[in-house]
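Here is a short report for a reader meeting this structure for the first time. Look through the sequence and the model, then read on.

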Amino acid sequence: MHKKILFGLAFLVLLAGLAWASNEPWKAKPYQQWDKADLEVVLNNSPWAKKVVVDVSWKPGPSSGGQPGVPASDQTAELRQHIDTQKGGAPDTSPPDASMNSVGSAGATSTSPKTPFFIRWYSSRVVREALAREAIINGKISEAEGAKLLAEPVTEYEIIVFGPDMTPFQNLTEDQLKSASSLEGKQSKQKVAPASVRMKKGPDGRTNSIAFFFPKKTGSGADVASAQEKGFEFACKLKGLNLRNEFDTREMVDENGPDF
């Protein structure tokens with residue numbers, strides 16, 4: 001009887017482990033096996049993808065917590081643009097990838113209007129694999145082409161911010177956004193401003209997303225991430241908006257190790 005109880009407990013632990021793994025596809029299986037449900041998790045509900053809900057202090061009116069008003073685009077073009085910008089190429093103003101449309105609303109209840117902003121650690125291996133896999137599933141590229149794109153080196157930390165109401169970012173210059181933003185290693189205490197900023201606009205000329213490119217070292221050569229790094233804080237303080245988020249690097253791990 002005692003053995004049967006132990007066997008039953010072991011079986012339950014195994015089932016729990018399988019359920020946990022299924023919720024973290026970056027640990028459960030290679031990206032070539034990810035399906036659309038896996039991509040939804042990676043791009044919208046993972047250690048590399050965060051939602052921050054803020055008060056809409058820049059205008060009166062009802063909550064702006066609906067679906068992000070972002071038009072669809074070619075995932076392959078988005079991935080290639082990311083690579084070109086990492087390599088120093090000129091950015092374009094094409095719309096963000098289609099998966100941004102699938103992010104949920106804020107769902108907050110308050111007397112003051114609120115809106116969500118979505119923040120992705122875009123330079124991570126896992127997010128780039130998700131974009132490549134999405135392009136493969138949609139028939140945009142082959143498995144070989146995806147592998148080639150993913151083999152390109154990443155030289156900077158890239159963070160993308162988008163949401164249904166990007167009003168605070170309208171009419172700002174790259175220099176203004178660079179001076180208003182920072183990335184800080186929680187253990188190293190090293191803080192850097194973006195080396196560059198990319199603004200992506202829709203057909204109406206309004207900003208759909210902002211990409212921030214941060215150097216991995218300070219001007220003095222110190223690493224922004226220490227050897228024992230436990231997290232980063234991203235901050236962007238604008239008129240009417242103080243956007244902050246912490247990324248836990250202890251969770252930003254896939255089957256190949258740390259991924260940030």
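Strand β8 (residues 231-238) and β9 are joined by 8 bridges and run antiparallel. Two strands count as paired if DSSP finds at least two bridges between them. Phe-232 stands opposite Phe-247 in β9.

This pair belongs to an open sheet of 4 strands, in the order β5-β4-β8-β9, with antiparallel pairing. Its edge strands are β5 (191-192) and β9 (241-248), and each pairs on one side only.

## The model and the chain

This is a predicted model: local features need pLDDT of at least 70, side-chain atom pairs count only at pLDDT 80 or more, and totals for chains, interfaces and linings use all residues. Residues are numbered from 1 along each chain as its sequence is written, and side-chain values use heavy atoms, with hydrogens and water left out.

The chain has 7 helices and 11 strands. These are DSSP runs numbered from the N terminus: helices are H or I of at least four residues, strands E of at least two. Of the 260 residues in the chain, 47% are buried. Buried means under 20% relative accessible area, exposed over 50%, and partly exposed in between (1.4 Å probe, protein chains only). Take the contacts between residues at least 6 apart in sequence: 72% join residues at least 24 apart. A contact means heavy atoms within 4.5 Å.

## A buried strand

How many residues of strand β2 (residues 114-121) are buried? The count is 8 of 8, so β2 is largely enclosed by the rest of the structure. In a regular strand, side chains alternate between the two faces of the sheet. Both faces of β2 are covered. Lys-114, Pro-116, Phe-118 and Arg-120 are buried on one side, and Thr-115, Phe-117, Ile-119 and Trp-121 on the other.

β2 has antiparallel partners. Strand β1 (residues 49-55) joins β2 through 7 bridges, and Asp-55 stands opposite Lys-114 in β2. Strand β3 (residues 157-162) pairs with β2 over 4 bridges, also in the antiparallel sense. There, Arg-120 stands opposite Ile-160 in β3.

## Two packed helices

Helix α3 (residues 36-44) packs with helix α5 (residues 125-137) at an angle of about 150 degrees, and their axes are 10 Å apart. α3 and α5 are therefore roughly antiparallel to each other; angles over 145 degrees count as such.

From α3, the contact uses Lys-36, Leu-39, Val-42 and Leu-43. From α5 come Val-126, Val-127, Ala-130, Arg-133, Glu-134 and Ile-137.

Methods:
Axes are lines fitted to C-alpha atoms, for helices over the stretch in contact, and angles run from 0 to 180 degrees between N-to-C directions. Angles under 35 degrees count as roughly parallel, over 145 as roughly antiparallel, 65 to 115 as roughly perpendicular and the rest as oblique.
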